[in-house]
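Dear colleague,

Please find the structure below, together with a short account of what was found in it.

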Amino acid sequence: MTFSTLRALHAAIGNAIHDLESVYQSQPEPLDFPRLEDPYYTAAPHSSSEELAHQLNDDPAVSLASKKIVAACGQLSATVNKPWYGLMESIQAGQLSASIRFLEAAHIPEILREAGPKGLHVGEIYRLVTELRSKELPPDPAIFTPGRLGHVLRLLATSHWIQEVAPNVFANNRRSAYIDTGKTLDQLRSEPRKKYLDTDGVAAFVGMTGDECAKFMCYMTEWLLPDTRTGSLILDTKGGFDRTREPIAKEDGGVGQHIAPFNLAFDTQLNFFPWLELPENRSRLERFGHAMTGTRQWETKEGILFGFPWAELPPDSVLIDVGGGIGSTSLTVAQVHPHIQVVVEDRPQVVEIAASSWGPTYRPLFESGRMSFRVRDLFAPWESLPSGKAPDVFLLRLVLHDWQDEDSRNMLTRLRAAAGPNTKLLIGDMLLPYTCDNGGAFVGCESPVLPNLGVANIHGYLIDIMMTGMFGAKERTVNEMSELALSAGWKVTDIRRSPGSLWAYTTAVPV
């Protein structure tokens, strides 16, 4: 049966390529699929055909066909690859993650952009990386050498994250250009702290994930299986944690008995957000705000606009962006729908930096009062607006996945108490399907690929475990989200997402 399965997977790839080609060829000017070798820099000028080909990334039909190809290729590889090689690729993925973080931190996408398509020799890349960090703690030349840099870059080229165009000469490709902030080297020299300002947040998300998240995920086993803690670096040197006697203070002033791998990795009894707000973590806090802008990439472009019928709201409607950070998502709503007033709620340290995180571009929006920020404890009773008007929409985007069910229920209960009869609850989070067919499959039973599209959607399951590592929390299935909402007095009435996408906007009403 295996050969028939292999052929079925091969056919699935061919069929999806046909679907993909049909979309590109049906454009007013027929298009070819973009080459991996050709970088696309969003801030650079492009021909109309290049711009259109880039925009098609967000076309639902293109997204679904692409995912079918990735899912089938991944399953084909898992089937034919020697298990040892597959195991090594997975268990040693940390080396690749560390190298991608280094790529971003060393500003190499920006260096290679200015170098152009012919690339740059590793010795010159080394010189520029060292020069750009002269205002910060400079690298130790005994540790950071051109030889070591070359080996890191070659791993990235092998993984198609950059390209080696000649021996020891490296250039950007389409994937590394995705991490480029568009900042010039002169800007990075003079104001390195502003690297993420006015960007799409992708580089900031890479920095955060490769830094805090990669470190605390190393402690997941020690958290789940305490008897494995022997030999752990921090736990051996500082004594570790005893969950039965060292509780973690929660945001509402109560005490919770759980900790997360994050606490073990960073040797702290603070939850993630209070830790992020420590003075010594100021740069991490700023990066986190921009990283949340980067999470828009999970959605189709401006997906928030299609996740809810905003145009149907009456004039002077109020959108409360609960735990909205610097307002990365609700800013899009405020721009497109001027009849909606937006209030973003978050912790004091976040509200303090929120408006300035956007630079001058959106200053008129903030000065007009159509979008504002206010401090709120998510577990405290909701404080009425000066107008006394009940909110029309409570938005929680990437909030509930930060909290365990009990905390999430308490949060939603507070919002239910503040809701009017027509208030809507809008939840933006991943909704994870099962890997077996239970009626919610993205592909038909005749397809050989996993019903959830396998590795094409693995990012959602990776984020699920990352939430466990950061907060002891999780992403949820449709049933889990519906049950959670109902337990707090909200009934799910609508779920909107693109075909094959894990990302969803879930609407609920008071009950």
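A crossing of two helices is called left-handed if the near helix is turned anticlockwise from the far one by less than a right angle, and right-handed if clockwise. Helices (H or I, at least four residues) and strands (E, at least two) are DSSP runs, numbered from the N terminus. The model is predicted: local features need pLDDT of at least 70, side-chain atom pairs count only at pLDDT 80 or more, and totals for chains, interfaces and linings use all residues. Residues are numbered from 1 along each chain as its sequence is written, and side-chain values use heavy atoms, with hydrogens and water left out.

**A helix pair**

In this model, α6 passes α7 in a right-handed crossing. The contact (heavy atoms within 4.5 Å) is made by I108, I111 and L112 of α6 and by I125, L128, V129 and L132 of α7. These residues divide into seven nonpolar, no polar and no charged, where Ala, Val, Leu, Ile, Met, Phe, Trp, Tyr, Cys and Pro count as nonpolar, Asp, Glu, Lys and Arg as charged, and the others, Gly among them, as polar.

**Two residues with positive phi**

Most residues other than glycine have a negative phi. H160, in the loop between α8 (146-158) and β2 (163-166), has a positive phi near 65 degrees. L398, in the loop between β9 (393-397) and α20 (405-418), has a positive phi of about 55 degrees.

Are these residues buried or exposed (under 20% relative accessible area is buried, over 50% exposed, partly exposed in between; 1.4 Å probe, protein chains only)? H160 counts as partly exposed because its relative accessibility is 46%, whereas L398, at 8%, counts as buried.

With kind regards
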